[in-house]
Amino acid sequence: MTQSSSPPSEPLSAEGSALLDAGRPLDAVEVLRQGVAVGEPSAPDLLVRAYFESGSWYAAAEWLTAVVDQGDVAFAGRLGVARAELGDRAGAESMLRLAVESGEVTAANDLAILLRDEGRPGEAVQVLVQAAEAGDELASANLVQLHLEAEDLPAAREAAERYADESRPDSLVALADLRALEGRADDADGWYRKASELGAMRAHIAYGQFLAGLGDAEGAERELREAEQREEPGWAYTLGRFLLDQGRSDEARAYLQLAIDSGDAAAQQAMIELDGGDQDD
């Protein structure tokens, strides 16, 4: 979720936003609930962000359900995410479909992930194709990734080449991922660089992982550190995993803990590995 700011005329929202930026989402919740109560316009979006960043999924779902039931479908997608986190798959699907039908194209990405995890890849592909055709940048990238996960290289190639567009930088990351898988390292490198220049959301993480795969540890770390600076989604786990693989366990621990605190299950498994535990326990 993108960071929000609020004007000085909304003091509670401004305080809550500052607490969020300082990494104190639980403290922000209390302030922003007051902001919502007094009707500050920026407070609702900020409150959802505070709930999500603090992992307060039950509280988020409870509050968002009341909001959506009152007719504010702009929050349906986020309610779907909260319900998914609570394990309510049917409720999550219902809300995410409502969000997509109401014009929130970006919710298609969360819906597709839910459908994939439910063992319904064909439906997930259909949802992503519709969103990609509607111009959603992440949908086109996720569509390529879904095909790659299914080991359907021809479909992944068709989607990557069809939707690659410099006006949608993350689509270039998807194309670079495909070229890397095809063994066309020079082409992949060029597309990763172009995506980075254009500000793609996950460009530095993807490029760093690509360089790590080529054995360029120095280049990989440079890109992952840049991902940290830009706060790319998943940067903490990716950097922690890289450092762990490099034998730098003490450095890895702090980053993995950051990822765990944000609810990253893969980071939890990596921490168990770091501690020498049994991941099946």
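How many nonpolar, polar and charged residues does the lining of the second largest pocket have? By class, that lining has six nonpolar, two polar and two charged residues, where Ala, Val, Leu, Ile, Met, Phe, Trp, Tyr, Cys and Pro count as nonpolar, Asp, Glu, Lys and Arg as charged, and the others, Gly among them, as polar.

The model is a predicted one, in which local features need pLDDT of at least 70 and side-chain atom pairs count only at pLDDT 80 or more, while totals for chains, interfaces and linings use all residues. Residues are numbered from 1 along each chain as its sequence is written, and side-chain values use heavy atoms, with hydrogens and water left out.

**The chain as a whole**

The secondary structure of the protein chain comes to 17 helices and zero strands, taken as DSSP runs numbered from the N terminus (helices H or I, at least four residues; strands E, at least two). For 281 residues, a compact globule would have a radius of gyration near 19 Å, and the protein chain, at 20 Å, agrees with this; the radius is taken over C-alpha atoms, and the globule rule is 2.2 Å times the number of residues to the power 0.38. Buried residues (under 20% relative accessible area, with a 1.4 Å probe and protein chains only) make up 44% of the 281 residues.

**The second largest pocket**

A pocket is, on a 1 Å grid over the protein atoms alone, an open set of points where a 1.4 Å probe fits, with protein on both sides within 12 Å along at least five of seven lines, and its lining residues have an atom within 4 Å of a point. About 180 Å³ of space lies in the second largest pocket, a volume being the space filled by probe spheres set on the grid points, which are joined across faces, edges and corners. The elements in the table each give two or more residues to its lining.

| Element | Residues |
|---|---|
| helix H9 | 137-149 |
| helix H11 | 169-181 |
| helix H13 | 203-213 |

Among the lining residues are Gln 145, Asp 177, Tyr 192, Arg 202 and Phe 210.

In helix H7 (residues 107-117), the buried residues include Ala 108, Asn 109, Leu 111 and Leu 115, and what covers the buried residues of H7 includes helix H6 (89-101), H8 and H9. Just after H7, Gly 119 takes a positive phi of about 75 degrees.

Ala 132 lies in helix H8 (residues 121-133) and counts as buried because its relative accessibility is 2%. Leaving aside residues up to four places away in sequence, Ala 132 touches Ala 139, Ser 140, Tyr 163 and Arg 168, contact meaning heavy atoms within 4.5 Å.

Key. Buried means under 20% relative accessible area, exposed over 50%, partly exposed in between (1.4 Å probe, protein chains only).
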